[in-house]
Amino acid sequence: MTAIVRLENVAAEVGGRRLLSDVDLRVDAGEFVALLGPNGAGKSTLIRMLLGLHPVAAGRITVLDRLPAQARQDVGYLPQRRRFDPDLRVRASDLVRLGLDGNHWGFPLPFKRNRTAAERVSEVIELVAATAFADRPIGELSGGEQQRILIAQALVRRPQLLLLDEPLDSLDLPTQSSIAALLSDICTNQEVSIVMVAHDVNPIMSYLDRIAYLASGKAVVGTPAEVITGPTLSALYGTPIEVLHAADGSLVVVGQPEPPAVHSDRHHSDGHHHEYDRDPRRPHSH
Ligand SMILES: Nc1ncnc2c1ncn2[C@@H]1O[C@H](COP(=O)(O)OP(=O)(O)OP(=O)(O)O)[C@@H](O)[C@H]1O
Ligand SMILES: [Mg+2]
């Protein structure tokens with residue numbers, strides 16, 4: 001089977017500094033893979049390498065058997081979160097339409113078949129369950145609603161690969177769960193592979209095929225059960241780390257030197273988010 005994404009012995013450098021070495025990762029059709037790791041580990045850099053926006057320092061990356069930059073027209077991308085200005089009057093559905101026009105990549109419209117662009121836009125809006133608010137200005141929508149619109153924008157050109165940089169960031173737990181379920185559904189039913197950066201593995205854990213956990217300049221790749229374990233994370237960080245299994249099935253990582261990207265959010269039976277669940281170093285707090 002053709003790999004959708006293949007990284008072989010990949011190294012990443014930023015500003016002349018070696019950030020990651022020896023990263024091996026393969027993503028097959030329809031797979032849902034998470035990139036985890038502490039702030040600054042290189043998750044966004046790796047996503048940008050998959051887009052051909054950041055050079056590969058060593059090793060080889062192919063996306064759909066092509067160089068990353070040559071595969072971009074078949075890749076949907078949701079950059080790391082920025083907020084929309086509450087006063088932004090652009091209609092949500094027009095934002096989705098922008099993804100179709102491909103202006104940001106400079107590619108021509110791929111539409112030939114006998115369906116119009118407008119039909120595709122409303123189809124994809126329905127797919128992400130955003131029909132009810134698609135005619136409203138994007139700035140007025142809630143964080144979760146905006147995220148659905150942005151996922152629709154990334155999907156509108158029928159990519160084979162979706163790269164999502166922290167799409168669950170700043171969302172409350174119920175919304176994280178419903179977006180996670182939506183993404184899993186897209187993987188399964190739309191034949192799209194997803195590589196997604198996440199800060200907390202718990203909302204997505206049950207859907208994931210694989211995790212690439214980046215820390216200390218390396219990556220560990222495996223199933224969630226293989227990667228999120230005390231021994232694996234201790235070896236990666238070079239310091240004792242324990243993984244506790246909560247009664248509801250969620251994982252809590254405990255240890256030094258810094259809290260890795262797994263939190264105890266799911267502990268709260270009331271389902272509400274509490275500020276103290278968050279890594280205080282996190283750049284985008286609530
Ligand atoms: N253009 C650049 N020049 C120099 N350093 C950079 C550049 N871009 C990123 N870095 C550094 O590279 C490291 C990795 O950044 P990156 O954004 O990939 O981390 P991340 O894992 O996505 O973190 P976060 O969880 O905070 O989003 C950071 O230390 C960052 O400061
Ligand atoms: Mg990042």
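Reader: How many residues has H5, and how far does H5 reach from its first C-alpha to its last?
Author: H5 has 13 residues and reaches 18 Å from its first C-alpha to its last, close to the 18 Å expected at 1.5 Å a residue, where the expected span is 1.5 Å times one less than the number of residues. Helices here are DSSP runs of H or I with at least four residues, and strands are E runs with at least two, both numbered from the N terminus.

Reader: What sort of model is this, and how are residues numbered?
Author: This is a predicted model, in which local features need pLDDT of at least 70 and side-chain atom pairs count only at pLDDT 80 or more, while totals for chains, interfaces and linings use all residues. Residues are numbered from 1 along each chain as its sequence is written, and chains are lettered from A and ligands numbered from 1 in the order in which they are written.

Reader: Back to H5, is it mostly covered or mostly exposed?
Author: H5 is mostly covered, with 11 of its 13 residues buried; a residue is buried if 20 or more other C-beta atoms, placed from the backbone, lie within 10 Å of its own, exposed if 12 or fewer, and partly exposed in between.

Reader: What covers them?
Author: The cover includes strand S5 (75-78), helix H3 (92-101), helix H4 (117-127), strand S6 (161-165) and helix H6 (173-189), going by contacts, that is, C-beta atoms placed from the backbone that lie within 7 Å.

Reader: Why does Gln153 count as buried?
Author: Gln153, which is found in helix H5, is buried because 25 other C-beta atoms lie within 10 Å. Leaving out residues up to four places away in sequence, Gln153 touches Leu95, Val96, Leu98 and Gly99.

Reader: Switching topic, which residues come nearest to ligand 1?
Author: Of the 13 residues around ligand 1, Gly15, Asn39, Lys43, Ser44 and Thr45 come nearest, a residue being near if its C-beta atom, placed from the backbone, lies within 6 Å. Helix H1 (residues 43-50) gives the most to this shell, with 3 residues.

Reader: And what does H1 lie across?
Author: H1 lies across S1, S2 and S4, running at about 120° to S1, with axes fitted to C-alpha atoms, for helices over the stretch in contact, and angles from 0 to 180 degrees between N-to-C directions.

Reader: What is the strand order in the open sheet?
Author: The open sheet of 3 strands has the order S2-S1-S4, with antiparallel pairing, where two strands pair if DSSP finds at least two bridges between them. Strand S1 (residues 5-14) is joined to S4 by 5 bridges, and the bridge partner of Arg6 in S4 is Thr62.

Key. Contact = placed C-beta atoms within 7 Å.
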